[in-house]
Amino acid sequence: MTEALIARLNNQDADFTTKLDALLAWDSVSDHKVAEAVADILHQVKERGDAAVVEYTNRFDRREVQSFAELVVPPEALQQALQAIDPAQREALEEAARRVRAYHEHQRQESWRYTEADGTVLGQKISPMERVGLYVPGGKASYPSSVLMNAIPAKVAGVDELTMVVPAPDGELNQTVLAAAAIAGVDRVITVGGAQAVAALAYGTETVARVDKIVGPGNIFVATAKRAVFGQVAIDMIAGPSEILVLCDGQTDPDWIAMDLFSQAEHDEQAQSILVSPDGDFLDKVEASMARLLPTMSREPIIRQSLANRGALIKVANMDEAIALSNRIAPEHLEVSVADPEALLPSIRHAGAIFMGRHTPEALGDYCAGPNHVLPTSGTARFSSPLGVYDFQKRSSIIFASPEGASTLAHTAATLARSEDLEAHALSADYRKR
């Protein structure tokens, strides 16, 4: 008997909850040995700065640099890369950047204030972060689209200095990544990676200015380092494997849905692809499409393993149950492939990005639709949001008490301060009474 390509579940089965929990489970990003190695790297970079970063870069990336200056990419190299890449690639990058920038312009927050009757002014001041570090994977996992998605919101927010770190194993650097950095307006590129790059950004070195926030994806060592430096600096998130959940009424072309599921499964063996539908016959058709199309995929082994590890086709009684299941899963990417997606939208509570209708595959959002593709994973869409301009802006409260307002507020403040046995607080307020 041939082993099934993907699991089949039914939410009416008695053991459905147990099976779903097992399907959604994902191990932590780190383990004890990784945490120990990362802790040592962070300590060495914090203590020895540039020298430690050079040593680790030579060791892990098989480089032979003598000084940190050799790791810094000259600004003209970014423009040279932009001129050198295939014209079609450049055009696609520039169009994607235009759309991403236009979308994120709508997210920019502005300062505000209001004046009370007694003349007291209250408000909020919005300020961009001064320095942000962007981690970009190197080697085989080079994603120019991630450069655009992380860098453009920061620049729209008004960040003063954006430093990109990207490893260059054996001295090789992806030219399209450099071109994307030029288009996005990255201020500085340094060819370091791993935990040592995170440490340099978080603590600063003789050459690298300490940043306020670190964003961007990385391997287990990068994720562990980001978690370790959180508090010293802000981070975007600790991301898990990529996920897609497709809700379908059974009327979309099954080949389309099969390929949408593949589009996540091809990321890596831990990526998750789930289809939920009330139409059992449609699930059969999609499974048949997957079996037929899979041998044509260049990443067939990865897709096959991903589907076997964490994929599922789930039968539900109706679309109401499908929405309830989606809200429970809180997926990174949610495709609502139905005739009237607007009717279902009010019921959707938890999703990183929602792709509406039959003609909106998740792949459009990955590259060029405009909204950010940096999204909460592993159920964190219950409380987290996509990366955006707001992630690079800070809010400061404004309180400007008029003499009359201070006198009035002093009565309330002093009373509450004395109830907490903080006499100096009370007197500080009392002094302002008329």
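An axis here is a line fitted to the C-alpha atoms of a helix over the stretch in contact, and the angle between two axes is taken between their N-to-C directions, from 0 to 180 degrees. Keep that idea at hand as we walk through this model, which is predicted.

**Helices that pack together**

Two packed helices are described by the angle between their axes and the distance between the axes. Helix α5 (residues 87–105) packs with helix α7 (residues 175–184) at an angle of about 40°, and their axes are 10 Å apart. Angles under 35 degrees count as roughly parallel and 65 to 115 as roughly perpendicular, and α5 and α7 are therefore oblique to each other. Their crossing is right-handed.

A second pair is formed by helix α8 (residues 194–203) and helix α9 (residues 220–229), with an angle of about 25° and axes 8 Å apart. That angle makes α8 roughly parallel to α9. The crossing of α8 and α9 is right-handed.

| Helix pair | Angle | Axis distance |
|---|---|---|
| α5 and α7 | about 40° | 10 Å |
| α8 and α9 | about 25° | 8 Å |

**The parallel sheet**

Now for the strands. Strands of a sheet pair through backbone hydrogen bonds, either parallel or antiparallel.

β10 and strand β13 (residues 333–337) run parallel and are joined by five bridges. If you pick out Leu247, you will find its bridge partner in β13, namely Val336.

**The mixed sheet**

Another open sheet is formed by six strands in the order β2-β7-β6-β5-β8-β9, and here the pairing is mixed. Its edges are held by β2 (72–73) and β9 (234–235), each with a single partner strand, so one side of each is left without a neighbour in the sheet. Within this order, strand β5 (residues 131–135) and strand β8 (residues 213–215) pair in the parallel sense over three bridges. Gly133 has Ile214 in β8 as its bridge partner.

How many cavities of 30 Å³ or more does the structure hold? It holds one, and the largest cavity has a volume of about 30 Å³. Its lining is made up of Glu243, Ile244, Leu245, Gln272, Ile274, Ile329 and Pro331. Two elements give two or more residues to this lining, β10 (243–248) and β11 (272–277). The largest share, three residues, comes from β10, the strand that is also joined to β13 by five bridges. By type, the lining of the largest cavity divides into five nonpolar residues, one polar and one charged.

Conventions: Residues numbered from 1 in each chain as written. Predicted model: local features only at pLDDT ≥ 70, side-chain atom pairs only at ≥ 80, totals over all residues. Heavy atoms only, no water. 1 Å grid on protein atoms, 1.4 Å probe; cavity = no way out; pocket = protein on both sides within 12 Å on 5 of 7 lines; lining within 4 Å. Points joined across faces, edges and corners; volume = space filled by probe spheres on them. Helix = DSSP H or I, 4+ residues; strand = E, 2+ residues; numbered from the N terminus. Nonpolar A, V, L, I, M, F, W, Y, C, P; charged D, E, K, R; others polar. Parallel < 35°, antiparallel > 145°, perpendicular 65-115°, else oblique. Left-handed = near helix turned anticlockwise from the far one by under 90°. Pairing = 2+ DSSP bridges.
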